[in-house]
Amino acid sequence: MEEELKCPVCGSLFREPIILPCSHNVCLPCARTIAVQTPEREQHLPALLQPRAPGAAAAGPGPGPAAGSEAECAAGGGSGGGGEHADKLSLHSESDSGYGSYTPSLKSPNGVRVLPLGPAPAGSSSAALPRGAGPSSSLTCPQCHRSASLDPRGLRGFPRNRLLEAIVQRYQQGRAAAKCQLCDRSPPEAAAVACEQCEVLYCAACQLKCHPTRGPFAKHRLLPPPSLPGGPGKAAAGARKLPTCADHELENYSMYCVSCATPVCYQCLEEGKHGQHEVKALGAMWKQHKTQLSQALNGVSDKAKEAKEFLVQLKNILQQIQENGLDYEACLVAQCDALVDALTRQKAKLLTKVTKEREHKLKVVWDQINHCTLKLRQSTGLMEYCLEVIKENDPSGFLQISDALIKRVQVSQEQWVKGALEPKVSAEFDLTLDSEPLLQSIHQLDFIQMKCRVPPVPLLQLEKCCTRNNSVTLAWRMPPFTHNPVEGYILELDDGDGGQFREVYVGKETLCTIDGLHFNSTYNARVKAFNSSGVGPYSKTVVLQTSDVAWFTFDPSSAHRDIVLSNDNQTATCSSYDDRVVLGTAAFSKGVHYWELHVDRYDNHPDPAFGIARINVVKDMMLGKDDKAWAMYVDNNRSWFMHCNSHTSRTEGGVSKGATVGVLLDLNKHSLTFYINGQQQGPSAFENVEGVFMPALSLNRNVQVTLHTGLEVPQSFPSIGAGGIYITSVYVRHQIKRKKINFL
């Protein structure tokens, strides 16, 4: 986290940090000394940083209280200067010359040139510029190189980052009691030095014994141990005063201007500067931005955890590469010795190739380890810094930096792109020694580099394979350390009756769901991979059993907008006096299926209609009036069957509150039959129904019904075995209900 707390100019911990418009931070004393030079009038820039003339000094306020610490901070970033010049800078910005130029300086750890104070050239008009005057007064961010114009208040116009100050102070206190990390004394001695490369604290005795300044340690950089500077600032840490408005020093921040993205006080709203802007309560916005930052941190935290696991994986690969490399060398030596004198000249060459392959793999893995370690350290530092920011209870200070932090966290998370946590090489050596050629071919003996071959057998992931209703989900993966590329997969399924396999999915996904299968059926599935070299072998066959009976609900996605669903989409009513249609979530093409609808409310003698329909049925009129539905509509005294607006088979006996309507769809006999309160209502309603059907219902606001599914077919209508297969869609999604799964 320490890198987050260092000024980009002086390289030291922040002192009186201010927030630039680009959301970056810089020490206030450093801000007084940095400048971006442009080719034009470059020699005049130092003069603009000179102390103001006495006449100009009276035009504005004197140096702020922070000027006293300027020398301390400027010592790390450039030469210090007097306090009078410090409040304003009159510099050429990038907008003045069309471009900005940065000249690296040895005194700046980040390549930002710190301009020394010097006399102005004779006749230079800029030497007499009044405080804050001139259109070229600007400051360039040392990190993003964006220029920011200064208003009449100069650097005092930039908000103070009080949260960062508090975190720096707390960090310094945590480092104050630095102890030697190698002492065997109790308690350990105070640390005398800290090694920048080893990241270890040593006392004087341990440093001489464990870290001498010779040999490999001669190039290590020893620094003073971290400690907390004393002074009144330490005592004042626990008594920070409430922040006041930068424009009205007697007013505390109370609101947050959404348009300007800044905290404001009551007087800012009264004077009209933010009067027409959207404002919100400071506390509410504080909590909202804290929540956003916390949510963004969750993603980075997960990636950091994956990165740590990935590093462990890479280190295991290192060990495997070493072991496999040694195994290959031993095998190679044995083969070469068996070929006696004729193979002697070739042995060294082949050993060299194995060694080069091993070194290449080791180099690739080490490079990946170093790269991943660097990104992990950056992410971890950012996480720790953000967590410290979240601990702060200063809403306005938090909101000043929250947007920038959220963006940084999101950018940090985006760095972990897909594939970043995958090894670039495997531990296996794709080298095969051909030792069978005849003796006269011995001088042509060489490694046979493994070329692209067909993919190996995919492994079905049994724990992720499942069934739900009449849908099956299958998941698979390739074996670990597979070197042959895979361009896609072919999933095959039989017809549920032991028939031939057929392709149901071809693509790159490794998780696939097949809908629209038959209920109470057993399906066999298998998968194979393919690439440009051909198709690989089949996986093992997995056996999946669909549900014995149909479980479904009303479908909110296809229902008319006036339909009102509740009770987990099992209860339906309507907000309109006109009849509206709602379908079920299941589709039937074979087999025998039965479901019931319980009448919960029945007012003013409406005519609800029950039945089946195609997926494209008209939904703004009574079920059965078009050619896409087959229904029975019923009032309190009688019922009719209806299809294509043709009314047939009037039957006495209606429904009321508490009645139950049963629907029996026998697609083996291609018939549709209705029941009311357990008794068949009229003859078989429809014959010769073929195709794919969905349960359907039409009703208005005077009726409310509840759907009951998963029911056994009535005893007097035995089920007939189903056959065939109908696949409505193939897509990737997750399932929750699992049934019996077996391997053949």
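Lys6 and Glu3 bring their side chains together in a salt bridge, 3.9 Å from N to O; a salt bridge here is a side-chain nitrogen of Lys or Arg within 4 Å of a carboxyl oxygen of Asp or Glu. By that rule the count is 16 salt bridges. Keep in mind that this is a predicted model, where local features need pLDDT of at least 70, side-chain atom pairs count only at pLDDT 80 or more, and totals for chains, interfaces and linings use all residues. Residues are numbered from 1 along each chain as its sequence is written, and side-chain values use heavy atoms, with hydrogens and water left out.

**Salt bridges**

- How exposed are the two partners, Lys6 and Glu3? Lys6 counts as partly exposed because its relative accessibility is 27%, and Glu3 counts as exposed because its value is 64%. The cut-offs, for relative accessible area, are under 20% for buried, over 50% for exposed and in between for partly exposed (1.4 Å probe, protein chains only).
- Lys303 pairs with Glu306, with the closest N and O atoms 3.9 Å apart. Both sit in helix H10 (residues 282-338), and because they are three residues apart, about one helical turn separates them. Helices are DSSP runs of H or I with at least four residues, strands are DSSP runs of E with at least two, and the numbering goes from the N terminus.
- Lys303 is partly exposed at 22% relative accessibility, and Glu306 is partly exposed at 34%.
- Arg358 and Glu329 make a salt bridge too, at 3.2 Å from N to O. This pair ties together distant parts of the chain: Arg358 belongs to helix H11 (residues 344-391) and Glu329 to helix H10, 29 residues apart. Arg358 and Glu329 are buried.
- There's also a network: Glu492, Arg526 and Lys528 are joined by salt bridges that share partners.

- Strand E31 covers residues 671-676, and six of its six residues are buried.
- Which residues of E31 point one way, and which the other? Ser671, Thr673 and Tyr675 go one way, while Leu672, Phe674 and Ile676 go the other.
- Strand E30 (residues 660-666) pairs with E31 in the antiparallel sense over six bridges; two strands count as paired if DSSP finds at least two bridges between them. In this pairing, Gly662 stands opposite Tyr675.
- The hairpin of E30 and E31 has four residues between the strands, and His670 takes a positive phi near 60° there.
- Strand E32 (residues 679-680) pairs with E31 as well, antiparallel and over two bridges. Ile676 has Gln679 as its bridge partner in E32.
- E31 and E32 form a hairpin with two residues between them, and Asn677 in the turn has a positive phi of about 55°.
- Strand E33 (residues 686-687) runs antiparallel to E31 and is joined to it by two bridges. Over in E33, Glu687 is the bridge partner of Ser671.

**The E6-E5-E7 sheet**

- What is the strand order in this open sheet of three strands? The order is E6-E5-E7, with antiparallel pairing.
- Strand E6 (200-202) and strand E7 (222-223) are the edges, each pairing on one side only.
- Strand E5 (residues 193-195) pairs with E7 in the antiparallel sense over two bridges, and Ala194 stands opposite Leu223 in E7.
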